[in-house]
Amino acid sequence: MSCGTNSYMALGHSLIDNKKRCKKFEKIEIHDKKIVKVVCGYRHNLMLTSDGNVYSWGCNKYGQLGITSSK
């Protein structure tokens with residue numbers, strides 16, 4: 001679940017209003033995976049699941065999401 005400012009899509013969902021603030025907690029969908037660790041960055045977040053997969057979302061200006069595209 002996440003809630004708050006979402007201007008860089010760092011919350012893991014697309015719910016924002018005109019003030020770029022999520023007004024209620026929303027579930028982050030990861031297809032029924034068990035989350036074992038979450039690491040929060042300045043404008044990005046990473047999540048590790050029990051099967052060893054890492055999910056990332058948010059700003060990727062400096063490659064912090066572990067993907068080659070910054071879009």
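Modeller: Buried residues make up 25% of the 71 residues in the protein, where buried means under 20% relative accessible area, exposed over 50%, and partly exposed in between (1.4 Å probe, protein chains only). Bear in mind that this is a predicted model, in which local features need pLDDT of at least 70 and side-chain atom pairs count only at pLDDT 80 or more, while totals for chains, interfaces and linings use all residues. Residues are numbered from 1 along each chain as its sequence is written, and side-chain values use heavy atoms, with hydrogens and water left out.

The pLDDT, the predictor's confidence in each residue from 0 to 100, averages 78 over the protein, and 77% of the residues score at least 70. Where pLDDT is low, the predicted coordinates should not be read in detail.

As for the fold, the protein has zero helices and three strands, running β-β-β from the N terminus on. Helices (H or I, at least four residues) and strands (E, at least two) are DSSP runs, numbered from the N terminus. Your strand, E2, has the highest confidence, at a mean of 90, and strand E3 (residues 54-58) the lowest, at 88.

Now to E2 itself, which covers residues 44-49 and includes leucine 48. Leaving out residues up to four places away in sequence, threonine 49 touches Ile30, Lys33, Lys34, Ile35, Val36 and Tyr55; contact here means heavy atoms within 4.5 Å.

Leucine 48 has 31% relative accessibility, so it counts as partly exposed. Together with Val36 and Val54, Leu48 forms a nonpolar patch on the surface, with about 240 Å² of accessible area in total. Patches are made of residues with over 30% relative accessible area and no salt bridge, like charges being joined within 9 Å and nonpolar side chains (Val, Leu, Ile, Met, Phe, Trp, Tyr) within 5 Å. A salt bridge is a side-chain nitrogen of Lys or Arg within 4 Å of a carboxyl oxygen of Asp or Glu. Accessible areas come from the Shrake-Rupley method with a 1.4 Å probe, and for residues only the protein chains shown count as cover.

Over in strand E1 (residues 35-40) you'll find valine 39, which is in contact with Asn45 and Leu46, leaving aside neighbours within four places in sequence. Valine 39 is partly exposed because its relative accessible area is 40%.
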